[in-house]
Amino acid sequence: MSKINKELIYTVKEVNEILGIHPRKLHRVGKKEGIKKTDNRYLFKGEFLIEYFNLTTFDNVETMSNNVESNVESFV
């Protein structure tokens with residue numbers, strides 16, 4: 001589950017702590033996507049992070065994918 005709020009702005013360090021994405025990758029993404037630096041650092045909009053990294057939140061998951069279901073059955 002993502003803890004990214006689409007209405008907030010995040011620094012590279014905050015994104016690294018929340019999502020576990022390496023800071024170097026975030027710098028490459030910022031440069032590639034043309035995000036302007038503020039005070040010589042990238043600031044990412046929450047909405048951008050959700051869209052770029054395909055983050056979705058699921059409050060109630062009712063079904064499992066076939067791969068997960070088969071792994072659970074073999075584990076039990």
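## Overall fold

Along the sequence, the elements of the chain come in the order β-α-α-β-β-α-α. That amounts to four helices and three strands. The model is a predicted one.

The chain has 76 residues, and 21% of them are buried. Its accessible surface is about 6,500 Å², with carbon and sulfur atoms contributing 48%. Among contacts with a separation of 6 or more, 54% join residues 24 or more positions apart.

## Strand E1 and Thr 11

Strand E1 spans residues 9-11 and includes Thr 11. The relative accessibility of Thr 11 is 17%, so this residue counts as buried, the cut-off being under 20%. Leaving aside residues up to four places away in sequence, Thr 11 is in contact with Arg 41, Tyr 42 and Leu 43. Strand E3 covers residues 41-45.

Helix H2 runs through residues 23-32, and its buried residues are Leu 26, Val 29 and Gly 30. These residues lie on the same side of H2, because the arc they cover around the axis is only 100°. As a general point, an α-helix has 3.6 residues a turn, so residues three or four places apart point the same way.

The cover over the buried residues of H2 includes helix H1 (12-19), strand E3 (41-45) and helix H3 (46-52). Lys 31 and Lys 32, on the other side of H2, are exposed. After H2 comes Gly 34, which has a positive phi, near 70°.

## Packing of H1 against H2

Two packed helices are described by the angle between their axes and the distance between the axes. For H1 and H2, the axes come within 9 Å of each other and cross at roughly 125°. H1 is therefore oblique to H2, since angles of 65 to 115 degrees count as roughly perpendicular and those over 145 as roughly antiparallel. The crossing of H1 past H2 is right-handed.

From H1, the residues making the contact are Val 12, Val 15 and Asn 16. Their counterparts in H2 are Pro 23, Leu 26 and His 27. Leu 26 is also one of the buried residues of H2, and H1 is among the elements covering that buried set.

Terms used: Residues numbered from 1 in each chain as written. Predicted model: local features only at pLDDT ≥ 70, side-chain atom pairs only at ≥ 80, totals over all residues. Heavy atoms only, no water. Helix = DSSP H or I, 4+ residues; strand = E, 2+ residues; numbered from the N terminus. Buried < 20%, exposed > 50% of the residue type's maximum accessible area, 1.4 Å probe, protein only. Contact = heavy atoms within 4.5 Å. Areas by Shrake-Rupley, 256 points an atom, 1.4 Å probe, with all protein chains shown as cover. Arc of directions from axis to C-beta. Axes fitted to C-alpha atoms, helices over the stretch in contact; angles between N-to-C directions. Parallel < 35°, antiparallel > 145°, perpendicular 65-115°, else oblique. Left-handed = near helix turned anticlockwise from the far one by under 90°.
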